[in-house]
Amino acid sequence: GLSYYPEKRAVLASFRNQCAVVSIDLDTKNINWILGKHDNWPEHLRDKLLKPIGDQFMWPCYQHNPRYTSQGTVIMFDNRANGAKMPFESRPKNYSENFSRAVEYKIDDESMTIEQIWTTGDEQGEDPCYSFAMSDAWRLPETDNRLVIYAFCAVLDDTLTEDIMDETKRSGDDLPYGGRVVEYAGEQEVFRAEVKDPNEIIQWEVYGGFKSSSIYKP
């Protein structure tokens, strides 16, 4: 994912498998900062790592589509694939414990700090949706609401795994699932659409999305 912020001549680049989002100066091509876990970065990049502040904070992992908002914050979809654990870390959580979320951060380029200012939830919750690939998140310009697009909601089952080498369990790829689109006004959910086959015969996936006033030409 790429996003351009003209006010600061900066480009956001998402490195999904490194669980990192990098801000790059468009003119100098230098790295401004790195949003991601602090583990295992080489010495010459460690001073680029953002420092978390605030009482509530969680790093994203295997994220999609980070973008600057009109407020200068950064919003993205945090897939949290593999239990949000990198390949070199310990084994991921059980499949049924996973969840995905949207998250928005406020970043101070001068102090090199990052604060989590909004999220759909930092734990699984009562109505979890685990979308380990694709998906999208927006801050809407007119209403200031957040629009979150879950590509699909995987079946959360202990008999499933994301590990292709685990022959004791099956993959969730052959099970029915569908996408979910939710709009939030602050913490309140104001719109929801479930995109799925009611007969559970085929799978639906929603790669990304946006909000439009009309599908017809004015």
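This is a predicted model: local features need pLDDT of at least 70, side-chain atom pairs count only at pLDDT 80 or more; totals for chains, interfaces and linings use all residues.

**Exercise 1.** Work out which parts of the chain the disulfide of Cys-19 and Cys-61 ties together, and which hand it has.

*Solution.* 
- Step 1: The sulfur atoms of Cys-19 and Cys-61 are 2.0 Å apart, and a disulfide joins the two residues.
- Step 2: Cys-19 lies in the loop between strand S2 (10-15) and S3, and Cys-61 in the loop between strand S5 (51-53) and S6, so the pair ties together parts that are 42 residues apart in sequence.
- Step 3: The torsion about the S-S bond is about 65°, so this disulfide is right-handed.
- Step 4: Cys-19 counts as buried at 1% relative accessibility, and Cys-61 counts as buried at 0%.

**Exercise 2.** How many disulfides does a search of the whole structure find? Describe the link of Cys-129 and Cys-153 too.

*Solution.* 
- Step 1: The search finds two disulfides.
- Step 2: One of them joins Cys-129 to Cys-153, with an S to S distance of 1.9 Å.
- Step 3: This pair links distant parts of the chain, 24 residues apart: Cys-129 is in the loop between strand S9 (113-119) and strand S10 (136-139), and Cys-153 in the loop between strand S11 (146-150) and strand S12 (179-185).
- Step 4: The angle about the S-S bond of Cys-129 and Cys-153 is -100°, and the link is left-handed. Both Cys-129 and Cys-153 are buried.
- Step 5: With the bonded cysteines numbered in sequence order, the pairing reads 1-2, 3-4.

**Exercise 3.** Which strands are at the edges of the open sheet of four strands?

*Solution.* 
- Step 1: The strand order is S1-S2-S3-S4, with antiparallel pairing.
- Step 2: Strand S1 (2-5) and strand S4 (31-36) each pair on one side only, which makes them the edge strands.
- Step 3: Strand S3 (residues 20-25) is joined to S4 by five bridges, and Val-22 has Ile-34 in S4 as its bridge partner.

Key:
Residues are numbered from 1 along each chain as its sequence is written. Side-chain values use heavy atoms; hydrogens and water are left out. Two strands pair if DSSP finds at least two bridges between them. Helices (H or I, at least four residues) and strands (E, at least two) are DSSP runs, numbered from the N terminus. A disulfide is a pair of cysteine sulfur atoms within 2.5 Å. Buried means under 20% relative accessible area, exposed over 50%, partly exposed in between (1.4 Å probe, protein chains only).
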